[in-house]
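Look at the structure first, then read on.

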Amino acid sequence: MNINALPQEFPPSNIDLKRKEVSHISAWRDKEEFNAVYKQIFCSPKSDIGARERAAETLKVWKIRQNRHTPVSVLCTLAILEVQNRDSRQGDKVQANELKSLYSGAFTRFINFLTECHQQSGAGRKGSISARMKEIGIEGFLVELRHLCAHSSVSISLDVFRRSAEYCMNWLKVCYWKRELQLIQSCEGRQVKGSTLLDKIGDDLRYLVNVYDIGT
(Lines give C-alpha, C1' and ligand atoms only; values in the text may rest on other atoms or scores of the structure.)
Protein backbone atom coordinates (compact mmCIF):
# COMPACT_ATOMS: atom_id res chain seq x y z
CA MET A 1 0.00 0.00 0.00
CA ASN A 2 1.57 3.27 -1.14
CA ILE A 3 0.09 6.60 -0.08
CA ASN A 4 3.20 8.68 -0.68
CA ALA A 5 1.97 10.02 -4.02
CA LEU A 6 -1.72 10.71 -3.58
CA PRO A 7 -3.38 12.37 -6.60
CA GLN A 8 -4.28 16.03 -6.35
CA GLU A 9 -6.92 15.84 -9.07
CA PHE A 10 -9.90 13.53 -9.40
CA PRO A 11 -11.96 12.47 -12.42
CA PRO A 12 -15.63 13.56 -12.49
CA SER A 13 -17.96 11.33 -10.49
CA ASN A 14 -21.66 10.67 -10.96
CA ILE A 15 -22.19 9.53 -7.36
CA ASP A 16 -25.33 11.28 -6.05
CA LEU A 17 -25.63 13.22 -9.30
CA LYS A 18 -29.24 14.31 -9.80
CA ARG A 19 -31.06 14.79 -13.08
CA LYS A 20 -30.84 18.35 -14.32
CA GLU A 21 -33.93 20.52 -14.81
CA VAL A 22 -35.82 18.40 -12.28
CA SER A 23 -36.72 19.56 -8.78
CA HIS A 24 -35.48 17.36 -5.94
CA ILE A 25 -36.29 17.42 -2.23
CA SER A 26 -33.08 17.86 -0.26
CA ALA A 27 -32.19 17.66 3.41
CA TRP A 28 -30.88 21.24 3.42
CA ARG A 29 -33.24 24.19 3.24
CA ASP A 30 -31.44 25.96 0.42
CA LYS A 31 -28.11 26.49 -1.29
CA GLU A 32 -27.01 28.89 1.46
CA GLU A 33 -27.31 26.20 4.14
CA PHE A 34 -25.39 23.72 1.99
CA ASN A 35 -22.68 26.30 1.33
CA ALA A 36 -22.41 27.17 5.02
CA VAL A 37 -21.71 23.54 5.93
CA TYR A 38 -19.24 23.24 3.05
CA LYS A 39 -17.29 26.22 4.39
CA GLN A 40 -17.32 24.86 7.94
CA ILE A 41 -15.85 21.56 6.77
CA PHE A 42 -13.43 22.58 4.05
CA CYS A 43 -12.64 26.27 4.52
CA SER A 44 -12.28 26.61 8.29
CA PRO A 45 -8.78 26.88 9.80
CA LYS A 46 -7.42 23.60 11.16
CA SER A 47 -7.51 25.15 14.62
CA ASP A 48 -11.27 25.79 14.38
CA ILE A 49 -12.43 22.37 15.51
CA GLY A 50 -15.74 23.84 16.65
CA ALA A 51 -16.73 24.75 13.09
CA ARG A 52 -16.24 21.18 11.88
CA GLU A 53 -18.06 19.82 14.92
CA ARG A 54 -21.03 22.08 14.13
CA ALA A 55 -20.90 20.84 10.55
CA ALA A 56 -21.03 17.24 11.76
CA GLU A 57 -24.09 18.02 13.87
CA THR A 58 -25.80 19.58 10.85
CA LEU A 59 -25.00 16.50 8.75
CA LYS A 60 -26.69 14.39 11.42
CA VAL A 61 -29.80 16.58 11.15
CA TRP A 62 -29.73 16.16 7.36
CA LYS A 63 -29.51 12.41 7.87
CA ILE A 64 -32.61 12.52 10.08
CA ARG A 65 -34.47 14.77 7.67
CA GLN A 66 -33.89 12.63 4.60
CA ASN A 67 -33.62 9.21 6.20
CA ARG A 68 -32.92 6.52 3.59
CA HIS A 69 -32.71 9.14 0.84
CA THR A 70 -29.69 10.86 2.37
CA PRO A 71 -26.99 11.27 -0.32
CA VAL A 72 -24.30 8.65 0.15
CA SER A 73 -21.65 11.37 -0.10
CA VAL A 74 -23.14 13.07 2.95
CA LEU A 75 -22.96 9.77 4.84
CA CYS A 76 -19.34 9.33 3.75
CA THR A 77 -18.48 12.87 4.80
CA LEU A 78 -20.02 12.35 8.22
CA ALA A 79 -18.21 9.03 8.73
CA ILE A 80 -14.77 10.54 8.10
CA LEU A 81 -15.46 13.93 9.66
CA GLU A 82 -16.57 12.51 13.00
CA VAL A 83 -13.38 10.54 13.53
CA GLN A 84 -11.25 13.49 12.37
CA ASN A 85 -13.01 15.70 14.90
CA ARG A 86 -12.45 13.14 17.64
CA ASP A 87 -8.78 12.92 16.68
CA SER A 88 -8.37 16.71 16.63
CA ARG A 89 -10.21 17.26 19.89
CA GLN A 90 -8.98 14.32 21.96
CA GLY A 91 -6.17 12.72 19.96
CA ASP A 92 -3.61 13.14 22.74
CA LYS A 93 -6.00 11.77 25.36
CA VAL A 94 -7.27 8.75 23.42
CA GLN A 95 -5.22 5.58 23.16
CA ALA A 96 -3.72 5.04 19.72
CA ASN A 97 -5.44 1.68 19.26
CA GLU A 98 -8.83 3.25 20.00
CA LEU A 99 -8.26 5.94 17.38
CA LYS A 100 -7.13 3.31 14.90
CA SER A 101 -10.32 1.38 15.53
CA LEU A 102 -12.41 4.50 14.91
CA TYR A 103 -10.59 5.26 11.67
CA SER A 104 -10.93 1.62 10.63
CA GLY A 105 -14.70 1.74 11.05
CA ALA A 106 -14.93 5.05 9.19
CA PHE A 107 -12.99 3.77 6.15
CA THR A 108 -15.03 0.58 6.06
CA ARG A 109 -18.27 2.58 6.01
CA PHE A 110 -16.84 4.97 3.41
CA ILE A 111 -16.04 2.16 0.95
CA ASN A 112 -19.24 0.24 1.73
CA PHE A 113 -21.45 3.30 1.17
CA LEU A 114 -19.83 4.06 -2.18
CA THR A 115 -19.81 0.43 -3.32
CA GLU A 116 -23.51 -0.01 -2.55
CA CYS A 117 -24.40 3.26 -4.26
CA HIS A 118 -22.38 2.35 -7.35
CA GLN A 119 -24.09 -1.04 -7.52
CA GLN A 120 -27.57 0.43 -7.16
CA SER A 121 -26.87 2.86 -9.99
CA GLY A 122 -26.31 -0.12 -12.28
CA ALA A 123 -22.84 1.10 -13.22
CA GLY A 124 -20.74 -1.25 -11.15
CA ARG A 125 -22.42 -4.61 -10.73
CA LYS A 126 -19.45 -6.57 -12.03
CA GLY A 127 -15.79 -6.70 -11.09
CA SER A 128 -13.90 -6.36 -7.85
CA ILE A 129 -14.48 -3.65 -5.27
CA SER A 130 -11.16 -2.13 -6.29
CA ALA A 131 -12.29 -1.95 -9.93
CA ARG A 132 -15.60 -0.36 -8.95
CA MET A 133 -13.86 2.25 -6.84
CA LYS A 134 -11.40 2.97 -9.63
CA GLU A 135 -14.35 3.81 -11.87
CA ILE A 136 -15.33 6.67 -9.58
CA GLY A 137 -11.78 7.87 -8.99
CA ILE A 138 -10.94 6.17 -5.68
CA GLU A 139 -7.37 4.91 -5.54
CA GLY A 140 -6.81 1.21 -4.94
CA PHE A 141 -4.77 1.80 -1.80
CA LEU A 142 -7.97 2.80 0.05
CA VAL A 143 -9.62 -0.52 -0.79
CA GLU A 144 -6.45 -2.26 0.39
CA LEU A 145 -6.60 -0.23 3.60
CA ARG A 146 -10.19 -1.35 4.12
CA HIS A 147 -9.06 -4.95 3.67
CA LEU A 148 -6.26 -4.52 6.21
CA CYS A 149 -8.67 -2.90 8.66
CA ALA A 150 -10.89 -5.96 8.49
CA HIS A 151 -8.01 -8.09 9.76
CA SER A 152 -6.00 -5.88 12.09
CA SER A 153 -6.15 -2.10 12.28
CA VAL A 154 -3.56 -2.07 15.09
CA SER A 155 -0.74 -2.78 12.65
CA ILE A 156 -1.53 0.36 10.61
CA SER A 157 0.09 3.61 11.71
CA LEU A 158 -2.00 6.61 12.71
CA ASP A 159 -0.18 8.65 10.09
CA VAL A 160 -1.52 6.37 7.35
CA PHE A 161 -5.04 6.67 8.75
CA ARG A 162 -4.85 10.46 9.00
CA ARG A 163 -3.44 10.94 5.51
CA SER A 164 -6.00 8.54 4.08
CA ALA A 165 -8.78 10.48 5.82
CA GLU A 166 -7.52 13.67 4.19
CA TYR A 167 -7.55 11.89 0.84
CA CYS A 168 -11.18 10.84 1.37
CA MET A 169 -12.22 14.36 2.32
CA ASN A 170 -10.43 15.83 -0.70
CA TRP A 171 -12.24 13.37 -2.96
CA LEU A 172 -15.58 14.27 -1.39
CA LYS A 173 -14.82 17.98 -1.66
CA VAL A 174 -14.07 17.81 -5.39
CA CYS A 175 -16.40 15.05 -6.54
CA TYR A 176 -19.46 15.95 -4.50
CA TRP A 177 -19.46 19.19 -2.51
CA LYS A 178 -17.94 21.55 -5.09
CA ARG A 179 -19.90 19.91 -7.89
CA GLU A 180 -23.18 20.29 -6.01
CA LEU A 181 -22.46 23.93 -5.20
CA GLN A 182 -22.22 24.58 -8.92
CA LEU A 183 -25.45 22.73 -9.69
CA ILE A 184 -27.77 23.50 -6.77
CA GLN A 185 -30.48 26.08 -7.31
CA SER A 186 -32.84 26.95 -4.48
CA CYS A 187 -36.47 26.36 -5.39
CA GLU A 188 -39.71 27.62 -3.87
CA GLY A 189 -42.94 25.67 -3.91
CA ARG A 190 -44.64 27.95 -6.42
CA GLN A 191 -41.82 27.30 -8.90
CA VAL A 192 -42.51 23.56 -9.00
CA LYS A 193 -44.65 22.64 -11.97
CA GLY A 194 -46.60 19.49 -12.67
CA SER A 195 -50.20 18.66 -11.84
CA THR A 196 -49.36 15.23 -10.43
CA LEU A 197 -46.22 16.20 -8.50
CA LEU A 198 -47.95 16.45 -5.13
CA ASP A 199 -49.50 13.04 -5.65
CA LYS A 200 -46.05 11.58 -6.30
CA ILE A 201 -44.16 13.18 -3.42
CA GLY A 202 -46.95 14.15 -1.04
CA ASP A 203 -46.15 11.54 1.62
CA ASP A 204 -42.41 12.24 1.49
CA LEU A 205 -43.03 15.98 1.65
CA ARG A 206 -45.30 15.71 4.69
CA TYR A 207 -42.76 13.45 6.40
CA LEU A 208 -39.94 15.92 5.75
CA VAL A 209 -41.98 18.86 7.05
CA ASN A 210 -42.58 17.01 10.31
CA VAL A 211 -38.91 16.05 10.63
CA TYR A 212 -37.82 19.63 9.92
CA ASP A 213 -39.95 20.76 12.84
CA ILE A 214 -38.37 18.15 15.12
CA GLY A 215 -34.80 18.67 13.91
CA THR A 216 -34.85 22.44 14.10
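## Helix packing and core

Helix 1 (residues 31-42) packs against helix 7 (residues 158-183) at an angle of about 160 degrees, and their axes lie 11 Å apart. This is a predicted model, in which local features need pLDDT of at least 70, side-chain atom pairs count only at pLDDT 80 or more, and totals for chains, interfaces and linings use all residues. Residues are numbered from 1 along each chain as its sequence is written, and side-chain values use heavy atoms, without hydrogens and water.

Some terms come next. Helices are DSSP runs of H or I with at least four residues, numbered from the N terminus. Axes are lines fitted to C-alpha atoms over the stretch in contact, and angles run from 0 to 180 degrees between N-to-C directions.

Helix 1 and helix 7 are therefore roughly antiparallel (over 145 degrees).

| Pair | Angle | Axis distance |
|---|---|---|
| Helix 1 and helix 7 | about 160 degrees | 11 Å |
| Helix 1 and helix 2 | roughly 140 degrees | within 8 Å |

The crossing of helix 1 and helix 7 is left-handed (the near helix is turned anticlockwise from the far one by less than a right angle). Helix 1 and helix 2 also cross in a left-handed way. Their contact (heavy atoms within 4.5 Å) includes Phe-34, Val-37 and Ile-41 of helix 1 and Ala-55, Leu-59 and Trp-62 of helix 2.

Now the core. The largest nonpolar core has 52 residues, and Phe-110, Leu-114, Leu-142, Trp-171 and Trp-177 touch the most other members. Such a core is a set of buried Ala, Val, Leu, Ile, Met, Phe, Trp, Tyr and Cys residues joined through side-chain atoms within 4.5 Å. Buried means under 20% relative accessible area (1.4 Å probe, protein chains only). Helix 7 gives the most to this core, with 13 residues.

What does Leu-142 touch? Its contacts are Phe-107, Phe-110, Ile-111, Ser-164, Tyr-167 and Cys-168, not counting residues up to four places away in sequence.

Last, a loop. Asn-67 is found between helix 2 and helix 3. Its phi is near 55 degrees, a positive value in a residue other than glycine. Asn-67 is partly exposed, at 43% relative accessible area (between 20% and 50%).

Key. Helices (H or I, at least four residues) and strands (E, at least two) are DSSP runs, numbered from the N terminus. Angles under 35 degrees count as roughly parallel, over 145 as roughly antiparallel, 65 to 115 as roughly perpendicular and the rest as oblique.
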